[in-house]
Amino acid sequence: MEPGALLRAAREAAGISLRAMAERTYYGKTYLSLIETGQRPVPAGVAAAYERVLGADLERLTAVARTPASVDTAALSDVAVMLAATRRIEDVAGAVAVLPAARGMSAMTETFAREARAARTEAASLASEVTQYRGWLEHAIGADAAARRSVGTAVSLAKESRDPDRLAHSLGFLGYVTVSAGNYGEVIALSDAALAVPDAHPTIRAYGRMRRAELLAAHGETREAQHALAMADAAAEAADSMEPPASMYWWSPGFGAVQRGGVLSMLGHTAEAIEEATHGLAAMPDEHRRSEWLASALRRVDPDMSADA
């Protein structure tokens with residue numbers, strides 16, 4: 001990622017418009033746009049002004065962006081903070097608004113994973129998470145071929161990192177974005193592979209089991225879907241008292257109920273599905289209620305269901 005693009009990604013991750021940044025730094029909006037798009041170099045004064053406004057060590061990130069081999073855990077932590085902020089902006093502004101920043105972070109972290117001299121496994125784990133997130137955004141805007149490529153890369157990086165949570169989550173999500181390709185056997189195989197990863201976080205396992213129930217129900221395998229749903233319920237109960245991993249910040253018992261409602265709807269239990277999802281929706285954090293991913297889950301329960309109902 002070029003230094004100017006890094007400034008833009010950090011600004012967007014903080015939810016600050018270019019106009020607002022110009023007002024806070026006392027630089028012209030057009031001038032900052034030229035810097036962020038690489039048409040002008042990044043002066044030290046501009047970098048310092050962005051750091052002051054954003055409260056981030058952009059000098060360190062800019063240095064490692066220029067020399068990726070020097071990346072360390074502190075710089076990776078800075079990127080993880082940017083990723084978390086970007087996700088929360090997506091919840092409000094939608095996938096299209098944050099996809100450019102996510103693509104920039106994905107390219108940067110993949111370079112870290114290839115070239116890091118130290119913290120290489122940590123870099124691969126973060127790159128897997130960022131690139132999977134990029135795949136989600138591409139899927140959300142309908143670019144499913146790009147999404148499959150991105151999540152396939154996330155799986156490879158997860159294997160390199162030897163992180164069971166990353167591997168289980170990325171394999172499961174590759175199945176999620178592969179559904180549109182119509183190869184049911186491949187999707188089920190990916191679900192099997194995700195659930196077979198040893199030592200994965202219980203929340204990831206519970207989500208994977210609910211997704212499997214959803215896949216079976218969508219394919220008309222009613223008896224198998226009902227059995228899978230019972231297993232998902234048991235897994236969700238086992239994970240209920242545990243904090244989800246950072247990559248699943250969106251998970252809550254309320255969302256689990258909405259997802260379960262989607263399975264019930266596919267099994268033909270429409271009234272029960274709507275009741276389950278309604279209770280789940282009421283229990284969800286307010287900041288999640290405007291998100292596109294929740295709207296998508298609610299439509300699987302009932303095409304007319306929304307968070308505003």
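**From a loop to the interior**

Ala119 is buried, with a relative accessible area of 15% (buried means under 20% relative accessible area, exposed over 50% and partly exposed in between, using a 1.4 Å probe and protein chains only). Its place is the loop between helix H7 (95–115) and H8, and its phi is near 55°, a positive value in a residue other than glycine. Most residues other than glycine have a negative phi.

Before going on, a word on the model. It is a predicted one, in which local features need pLDDT of at least 70 and side-chain atom pairs count only at pLDDT 80 or more, while totals for chains, interfaces and linings use all residues. Residues are numbered from 1 along each chain as its sequence is written, and side-chain values use heavy atoms, with hydrogens and water left out.

The protein chain has 16 helices and zero strands (DSSP runs numbered from the N terminus, helices being H or I with at least four residues and strands E with at least two). Buried residues make up 52% of its 309 residues. A compact globule with 309 residues would have a radius of gyration near 19 Å, and the 21 Å of the protein chain agrees with that; the radius is taken over C-alpha atoms, and the globule rule is 2.2 Å times the number of residues to the power 0.38. Along the principal axes, the C-alpha atoms fill a box of roughly 65 × 45 × 35 Å. Of the contacts between residues at least 6 apart in sequence, 64% join residues at least 24 apart (contact means heavy atoms within 4.5 Å).

Rolling a probe the size of a water molecule over the atoms shows where empty space is left. Two cavities of 30 Å³ or more turn up in the structure. On a 1 Å grid over the protein atoms alone, a cavity is a set of points where a 1.4 Å probe fits but cannot get out, and lining residues have an atom within 4 Å of a point. Points are joined across faces, edges and corners, and a volume is the space filled by probe spheres set on them.

The largest cavity has a volume of about 370 Å³. It is lined by 20 residues, of which Trp136, Phe173, Tyr207, Trp250 and Trp293 are the closest to its centre. Two or more lining residues come from each of helix H6 (73–93), helix H8 (120–140), helix H10 (164–178), helix H12 (202–218), helix H14 (253–266) and helix H16 (292–301). By class, this lining has ten nonpolar, five polar and five charged residues (Ala, Val, Leu, Ile, Met, Phe, Trp, Tyr, Cys and Pro count as nonpolar, Asp, Glu, Lys and Arg as charged, and the others, Gly among them, as polar).

The second largest cavity holds about 210 Å³ of space. Among its 18 lining residues, Ala168, Gly172, Phe173, Ala194 and Gly208 lie nearest its centre. The elements giving two or more residues to this lining are H10, helix H11 (184–196) and H12. Its classes run to eleven nonpolar, five polar and two charged residues.

Leaving aside neighbours within four places in sequence, Asp165 is in contact with Asp199, Ala200, His201 and Ile204.

Thr178 also belongs to H10, but this residue is buried, with a relative accessible area of 3%. Its side chain reaches the backbone oxygen of Leu174 at 2.5 Å. Not counting residues up to four places away in sequence, Thr178 touches Arg148, Glu186, Val187 and Leu190.

That leaves Asp199, the contact partner of Asp165. Asp199 is found in the loop between H11 and H12, and it is exposed, with a relative accessible area of 69%. Its phi is near 70°, a positive value in a residue other than glycine.

Key. 1 Å grid on protein atoms, 1.4 Å probe; cavity = no way out; pocket = protein on both sides within 12 Å on 5 of 7 lines; lining within 4 Å. Polar contact = N/O pair within 3.5 Å; in protein donor to acceptor, adjacent residues only side chain to side chain.
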